[in-house]
Amino acid sequence: FIGAPEFLRIFLERLMQGAGPLELAGWGAAFVSCWFSIALFVAVAKWHGQYAGCLCRMAVQRLIYSACLGMQVDMVSSLSSPTNLMSVDAERFFLAFNASMPHVFVLIFFFPVLLIAQLGVVPAALCMVSALSTTLLQKGIGNVITRRRRQVMAAADRRLQLSEQYLEGIRVLKMNGWTHFASNRLEEVRGEELQHHRRVLFWKGINLTMGLASPCMAGFSMFVSYALLGGEMLPQVIFPALTILRALQIFMGNLPLCFASYAELATAYRRIQAFLAACPEQALQQQSSLDESCKGRISLSQVTLSRGDEGS
């Protein structure tokens, strides 16, 4: 990311000075190799993120399953749906790791230095101010998505609990002719859930649009200020700056996904934490001790076995 605009600037300067094809081919190959390296290492970073997300998701699912084994059935049914926690909430950990790219936050600090070297202090400052303002706006939208996501998960829990209760008492419902009322109630809860889902998708769309429009606004403010200050629109100045803006667009396009994933991860973490807090601690300890000690053995203590009549 840092070498690509510099190699492009040198290439254009040598081109304006009338350099030979061999020298230009060397600088052009260096510029192309920078973008090839960017694509390679971004792919490697995404692979590491997906692998870490899979490990974290399996660990969370195992933790929830162990907590369910140590709890009573009525206590489990009264809390959030374990199926929803293991399928939806545990998936948020994978999505958060998949969207996170730590080098994004590191390289953002190098872009002001590159822009100052290319265009000057004022254009670079305006570019970064516009980018930071849109980033803060995206963070606020991420908080809104967090609140909407909580409403979605709460509605999903109510729907699953009603479904389980109706399936358990299906005979009573059919005997009394209450199936119509039960289906209407499920449709109402499902309608509420879909409404919350539409709101979440609406705010996600706004967040993604802000990320795509941010580099355009930053580039417009940067080049307008550079021209008003008397700067010359030379190829060796404009094209490297556009390269930096392209890299900035990659980062700014990824930040909305990061903020949305972290917001959903925070919601899932609170739900899982509330479920585990309701689980007795001794039940988790008992389950962990059983996993470690009982390996293919069955222990019976003070057990009376009988078959048929008492005298047999």
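**The whole chain**

The model is predicted: local features require pLDDT of at least 70 and side-chain atom pairs count only at pLDDT 80 or more, whereas totals for chains, interfaces and linings use all residues. Residues are numbered from 1 along each chain as its sequence is written, and side-chain values use heavy atoms, with hydrogens and water left out.

The protein has 11 helices and zero strands; helices (H or I, at least four residues) and strands (E, at least two) are DSSP runs, numbered from the N terminus. Along the sequence the pattern reads α-α-α-α-α-α-α-α-α-α-α. Of the 312 residues, 36% count as buried; buried means under 20% relative accessible area, exposed over 50%, and partly exposed in between, with a 1.4 Å probe and protein chains only. Among contacts (heavy atoms within 4.5 Å) between residues at least 6 apart in sequence, 84% join residues at least 24 apart.

**Helices H4 and H7**

Next, select residues 82–99, which form helix H4, and residues 121–168, which form helix H7. Their axes come within 11 Å and cross at roughly 165°. Axes here are lines fitted to C-alpha atoms, for helices over the stretch in contact, and angles run from 0 to 180 degrees between N-to-C directions. H4 and H7 are therefore roughly antiparallel to each other, a term for angles over 145 degrees.

Now show the side chains at the contact. H4 contributes Asn-84, Val-88, Asp-89 and Arg-92, while H7 contributes Arg-149, Met-153, Ala-156, Asp-157 and Leu-160. By class, this contact has four nonpolar, one polar and four charged residues. Ala, Val, Leu, Ile, Met, Phe, Trp, Tyr, Cys and Pro count as nonpolar, Asp, Glu, Lys and Arg as charged, and the others, Gly among them, as polar.

**Helices H7 and H9**

The axes of H7 and H9 come within 9 Å and cross at roughly 170°, which makes H7 roughly antiparallel to H9. The contact of H7 with H9 has 24 nonpolar, 12 polar and 10 charged residues.

On H9, select Arg-199. With a relative accessible area of 31%, Arg-199 is partly exposed. Leaving aside neighbours within four places in sequence, Arg-199 is in contact with Arg-148 and Gln-151. Between Arg-199 and Val-144, 55 residues apart in sequence, the C-alpha to C-alpha separation is 9.8 Å.

Return to H7 and select Arg-147. Arg-147 counts as partly exposed, at 49% relative accessibility.

**The nonpolar cores**

Finally, select Phe-111, Leu-115, Leu-119, Cys-127, Met-222, Phe-223 and Leu-245, the residues with the most contacts inside the largest nonpolar core, which has 21 residues. A nonpolar core is a set of buried Ala, Val, Leu, Ile, Met, Phe, Trp, Tyr and Cys residues joined through side-chain atoms within 4.5 Å.

Centre the view on Met-222. Not counting residues up to four places away in sequence, Met-222 touches Leu-115, Leu-119, Pro-123, Cys-127, Ala-241 and Leu-245. Apart from this core lies another, of 12 residues, among them Ile-64, Leu-265, Phe-275 and Leu-276.

Notes:
Angles under 35 degrees count as roughly parallel, over 145 as roughly antiparallel, 65 to 115 as roughly perpendicular and the rest as oblique.
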